Every structure is written in structure tokens, then in C-alpha cells.
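Here are my notes for you on this structure.

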Amino acid sequence: METKNYFKIGTIVNTHGIRGELKIKAITDFADDRFQKGQAIYRLDKGQYVKETIAKARVHKGMWLVTFEGVDNINQVEIFKGQDVFVDEEDRDDLDDGEYYYNEIIGCTVVDLDGQTLGEIKEIMTTGANDVWIMKRPKGKDGLIPMIDDVVKEVNVADKVVTIDVLEGLFDDED
């Protein structure tokens, strides 16, 4: 039995207009590729992945407006609101060295240069200059790790471990 892996790329937050357009909040760095005409994406509907092919897509006010093939009416898509959309693992491109998919980073254990465990990456925040990895610490506030060479020294996705250099002032609220 073949098992497929799917990765979330967004959420259908609403409909748009009366011609079956859907408003999707994207959570992928590759939105221009994922939401273009002819691309296959999958909706998660009651535990089942349903394949859809994109007929039209455009950006409007920070959201993707997408129409699926065979859909031309709001009544056909009203029930899709709130569903997440995914890409098949086979459709993901290989990344260059030093680039990672979110699912490879979230859940990684963070250690310092001495191997001491600091916490676990729970979320990724995209900023203009660089991503910031949000680390859940055992005590205190979450730690913010800027994805820059001075701080992130090694990323081992196979072992789910990220080694960082805790620069002075990085986690000032420590006890």
C-alpha cells in the first residue's frame, strides 16, 4: 500500500465574489509556484485529500484568489471555507543547501554550542530580511532565533537538531 505525504500550503478562509473564487491565506515561500494555473493542490475534506486543479489564480490584498477547474459558482465552493490546502510531497522541489521546508525545521530540538538543550522550534515567522524561528523553552518566554549565519551554526534535519551560538543578548529574559 502506497503512503503519500502532503504538506500544508494554506487555508481557504472565504469565498470571493459569485463565480467560485476562493480566498486562500498562503503559508508557503513558493506561493507563486503553488498557486498558478494548471497546478494540482489538495483540499483536506473530512479526513480525505481531494485533488483540485487550479484554473485561475491571482493575488488580491495579500491573499490568493483561486478558482478550481470545473467550478464557476459560489454555491459549489461555499462548503470549502475553513479547509486547508496541501501539496503532494512529490510536487515539492529540491532545495539548495541551507534552505529548508518549514516541516523540516518545526519540531527540531535547539542546542547551544556545548550541546545543552535550549528548547524546540514551534513556529517560523517570516520577516523582510530573514526568517525568525520561534523556540519553546522549558521555562520562561519563547526564544526568537534569527535565521542568520552568526546565530544558526548547524541544521541537521535528519536528526531534527539545530545548533545555535547564543550571542549576548539573544535571550535576555533568562533567570
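This is a predicted model: local features need pLDDT of at least 70, side-chain atom pairs count only at pLDDT 80 or more; totals for chains, interfaces and linings use all residues.

1. Overall make-up. Residues are numbered from 1 along each chain as its sequence is written, and side-chain values use heavy atoms, with hydrogens and water left out.

2. Dimensions and surface. Along the principal axes, the C-alpha atoms fill a box of roughly 60 × 40 × 30 Å. The chain's accessible surface is about 10800 Å², and 45% of that belongs to carbon and sulfur atoms (Shrake-Rupley method, 1.4 Å probe; for residues, only the protein chains shown count as cover). Of the 175 residues, 34% are buried, where buried means under 20% relative accessible area, exposed means over 50%, and partly exposed is in between (1.4 Å probe, protein chains only).

3. Contacts and charges. Take the contacts (heavy atoms within 4.5 Å) between residues at least 6 apart in sequence: 49% of them join residues at least 24 apart. As for charge, there are 22 positive and 37 negative side chains, and the centres of the two sets lie 11 Å apart. Lys and Arg count as positive, Asp and Glu as negative, while His and the chain ends are not counted; each charge is placed at NZ of Lys, CZ of Arg, CG of Asp or CD of Glu.

4. A stacked pair. The structure holds 5 aromatic pairs. Rings of Phe, Tyr and Trp (its six-membered ring) pair if their centres lie within 6.5 Å; planes under 30 degrees apart count as stacked, over 60 as edge-to-face and the rest as tilted. Why do Y6 and Y49 count as stacked? Their ring centres are 3.9 Å apart and their planes are at 15°, so the pair meets that description. The pair links distant parts of the chain, with Y6 in strand β1 (residues 6–16) and Y49 in strand β4 (residues 48–60), 43 residues apart. Y49 is partly exposed, at a relative accessible area of 36%.

5. Around Y6. Y6, Y42, Y49 and F86 form one aromatic cluster. Leaving aside neighbours within four places in sequence, Y6 is in contact with Y42, Y49, F86, V87 and D88.

6. A tilted pair. F68 and F80 pair up at 6.3 Å centre to centre, with 50° between the planes, which makes the pair tilted. F68 sits in strand β5 (residues 63–68) and F80 in the loop between α2 (74–77) and β6 (84–88), so the pair ties together parts 12 residues apart in sequence. Both F68 and F80 are buried. The charged end of R43 sits over the ring of F80, 3.7 Å from its centre (the cut-offs are NZ of Lys or CZ of Arg within 6 Å of the ring centre and within 35 degrees of the ring normal).

7. Two lysines to check. Most residues other than glycine have a negative phi. K46, in the loop between β3 (40–45) and β4, has a positive phi near 55°, and K46 is exposed with a relative accessible area of 80%. K61, in the loop between β4 and β5, has a positive phi of about 50°; K61 is exposed too, at 77%.

Methods
Helices (H or I, at least four residues) and strands (E, at least two) are DSSP runs, numbered from the N terminus.
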